[in-house]
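I opened this model to go through its helices, sheets and cores. These are my notes, in the order I looked things up.

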Amino acid sequence: MTRLDELKQHLVPGKVYRRADLTRWTSSVDRDLRKLLDAGELTKLSGGVYMRPKTTSFGRAPASDRDLVEAFLKDKRFLLLTPNAYNALGVGATQLYNEAVVYNRKRHGRFKLGSRVYDFRMKPEFPAIATKEFLLVDLVNNLKRLAEDESQVLERTRVVARELDQEALRQAADDYGGVRAKKFFRDVLAEMKAIDG
């Protein structure tokens with residue numbers, strides 16, 4: 001068995017690798033990378049990020065977003081979401097977006113990884129999981145970036161806010177809201193408190 005065949009045995013179809021990951025199995029990383037790329041055994045997704053292609057009955061499967069972003073950032077601490085998640089909140093958001101947003105602590109900017117564009121946004125704080133309360137706050141934070149009717153969405157957001165856990169919503173606004181979102185939710189929560197007496 002050649003050294004290259006031995007290296008191929010370690011590469012799992014559909015898995016994403018950084019160049020540095022391959023140094024565990026070869027001392028000639030660049031030469032072996034070139035051979036694997038030329039043979040179609042690896043696909044380059046971004047600078048220093050590669051994937052072992054996985055073939056399904058529908059053709060080649062793309063890398064999972066989570067694995068791809070984790071390899072790119074060299075970090076597991078990020079929140080991956082798409083603005084399409086706002087559509088499920090019931091606030092009148094209906095646009096479909098073909099871009100994923102990645103909240104993280106390392107990179108900022110738009111990067112094409114594989115065939116998809118990711119919008120990396122550096123944030124000091126973000127939750128591990130996107131709750132409805134977080135998504136509502138995030139929607140108000142990003143309303144200017146969206147192709148939605150702002151006044152209509154904000155009016156529906158007031159209604160939806162009444163249906164959510166008030167303490168969780170207040171905490172999400174305090175922890176993750178920008179200036180506009182903090183003021184908006186402070187006013188909404190104050191109105192609700194006055195109504196409830």
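**Entry 1: Valine 91 and the cores**

I began with valine 91, which touches Tyr86, Leu136, Leu139, Gln152, Val153, Arg156, Thr157 and Val160, leaving aside residues up to four places away in sequence. Contact here means heavy atoms within 4.5 Å.

I noted what kind of model this is: it is predicted, local features need pLDDT of at least 70, side-chain atom pairs count only at pLDDT 80 or more, and totals for chains, interfaces and linings use all residues. Residues are numbered from 1 along each chain as its sequence is written, and side-chain values use heavy atoms, with hydrogens and water left out.

I then looked up the largest nonpolar core, which has 31 residues; Val91, Leu136, Leu139 and Phe185 have the most contacts inside it. A nonpolar core is a set of buried Ala, Val, Leu, Ile, Met, Phe, Trp, Tyr and Cys residues joined through side-chain atoms within 4.5 Å. Buried means under 20% relative accessible area, exposed over 50%, and partly exposed in between, with a 1.4 Å probe and protein chains only. At least two residues of this core come from each of strand 6, strand 7, helix 5, helix 6, helix 7 and helix 8. Helices (H or I, at least four residues) and strands (E, at least two) are DSSP runs, numbered from the N terminus. I also found a second, separate core of 16 residues, with Leu68, Ala71, Ala100 and Val102 among them.

**Entry 2: Glycine 92**

I checked glycine 92, which sits in the loop between strand 6 and strand 7. Its relative accessible area is 34%, so glycine 92 is partly exposed. The C-alpha atoms of glycine 92 and glutamate 148 are 8.3 Å apart, although 56 residues separate the two along the chain.

I traced an open sheet of four strands in the order 6-7-9-8, with mixed pairing. Two strands pair if DSSP finds at least two bridges between them. Strand 6 (78-81) and strand 8 (109-113) are at the edges with a single partner strand each, so one side of each has no neighbour in the sheet. From one strand to the next the twist averages 25°. Axes are lines fitted to C-alpha atoms, for helices over the stretch in contact, and angles run from 0 to 180 degrees between N-to-C directions.

I compared two pairings. Strand 7 and strand 9 pair in the parallel sense over five bridges, and tyrosine 103 stands opposite arginine 121 in strand 9. Strand 8 and strand 9 (residues 116-122) pair in the antiparallel sense over five bridges. There, arginine 110 stands opposite aspartate 119, and phenylalanine 111 has tyrosine 118 as its bridge partner. Strand 8 and strand 9 form a hairpin with two residues between them, and glycine 114 in the turn has a positive phi of about 70°.

**Entry 3: Helix 5**

Which strands does helix 5 lie across? I found helix 5 (residues 132-142) across strand 6, strand 7 (100-104) and strand 9, at about 80° to strand 6. Nine of the 11 residues of helix 5 are buried, including Phe134, Leu135 and Asp138. Their cover includes strand 6, strand 7, strand 9, helix 6 (150-163), helix 7 (166-176) and helix 8 (179-196).

I moved to an open sheet of three strands, order 1-3-2, with antiparallel pairing. Strand 1 (16-18) and strand 2 are the edge strands, each pairing on one side only.

Is serine 46 buried or exposed? Its relative accessibility is 15%, so serine 46 counts as buried. Serine 46 is in strand 2 (residues 43-46) and stands opposite valine 49 in strand 3. Residues up to four places away in sequence aside, serine 46 touches Phe72, Lys112 and Leu113.

I saw helix 4 lying across strand 1, strand 2 and strand 3, at about 5° to strand 1. In helix 4 (residues 65-73), Leu68, Val69, Ala71, Phe72 and Leu73 are buried. Just after helix 4, lysine 74 takes a positive phi of about 55°.
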